[in-house]
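Trainee: I would like a close look at one part of this model. Please start there, then place it in its surroundings.

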Amino acid sequence: QDDSIKGILIAIYDVLGNMILLRQTTGQYAWSGDTPGSMAASGVYIVRVTERAQNGTLLAQSKRLIWKH
């Protein structure tokens, strides 16, 4: 169990499974295509959102995202 997660953890992966962005937040987050050092190319990405429930269990959900700029 990862006790370092506080609030909501958002990870964005490219279709090859490479993590291109990792953000921790306590509220809403809007991704503008920024990645460390550059803008993301148009394409398909996977967004994984993880949060810790009150009982300590990690809850996660993934969705496909089509990014165009």
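Trainee: Which backbone nitrogen lies 2.9 Å from a polar atom of the side chain of Asp14?

Mentor: The backbone nitrogen of Asn18 does. This is a predicted model, in which local features need pLDDT of at least 70 and side-chain atom pairs count only at pLDDT 80 or more, while totals for chains, interfaces and linings use all residues. Residues are numbered from 1 along each chain as its sequence is written, and side-chain values use heavy atoms, with hydrogens and water left out.

A polar contact is a pair of N or O atoms within 3.5 Å; within protein, one must be able to donate a hydrogen and the other to accept it, and residues adjacent in sequence count only if both atoms are side-chain atoms. Asp14 belongs to strand 1, residues 8-14. Strands are DSSP runs of E, at least two residues, and helices are runs of H or I, at least four, numbered from the N terminus.

Asp14 is buried but has no salt bridge. Buried means under 20% relative accessible area, exposed over 50%, and partly exposed in between, with a 1.4 Å probe and protein chains only. A salt bridge needs a side-chain nitrogen of Lys or Arg within 4 Å of a carboxyl oxygen of Asp or Glu. The nearest side chain of opposite charge to Asp14 is Arg64, 14 Å away. For charge, Lys and Arg count as positive, Asp and Glu as negative; His and the chain ends are not counted.

Thr25 also has a side chain that reaches a backbone nitrogen, that of Gly27, at 3.2 Å. Thr25 sits in strand 2. With a relative accessible area of 17%, Thr25 is buried.

Now the charged pair. The count is 1 salt bridge. Arg23 and Asp34 form it, at 3.5 Å from N to O. Arg23 lies in strand 2 and Asp34 in strand 3, so the pair ties together parts that are 11 residues apart in sequence. Asp34 is partly exposed at 25% relative accessibility. Arg23 is partly exposed too, at 34%.

Next, the aromatics. There are 2 aromatic pairs. Rings of Phe, Tyr and Trp (its six-membered ring) pair if their centres lie within 6.5 Å; planes under 30 degrees apart count as stacked, over 60 as edge-to-face, and the rest as tilted. Trp31 and Tyr45 are edge-to-face, at 5.6 Å centre to centre and 70° between the planes. Trp31 lies in the loop between strand 2 (19-25) and strand 3 (34-35) and Tyr45 in strand 5 (43-52), so this pair ties together parts 14 residues apart in sequence. Trp31 and Trp67 are tilted, at 5.1 Å and 45°. Trp67 lies in strand 6, so this pair ties together parts 36 residues apart in sequence. Trp31 and Tyr45 are buried, and so is Trp67.

Ile66 is found in strand 6, residues 58-67. At 56% relative accessibility, Ile66 counts as exposed. With Val15, Leu16 and Val44, Ile66 forms a nonpolar surface patch of about 420 Å² accessible area together. Patches take residues with over 30% relative accessible area and no salt bridge, joining like charges within 9 Å and nonpolar side chains (Val, Leu, Ile, Met, Phe, Trp, Tyr) within 5 Å. Areas come from the Shrake-Rupley method with a 1.4 Å probe; for residues, only the protein chains shown count as cover.

Finally, the whole chain. It has 0 helices and 6 strands. Of its 69 residues, 26% count as buried. The C-alpha trace spans about 40 × 20 × 15 Å along its principal axes.
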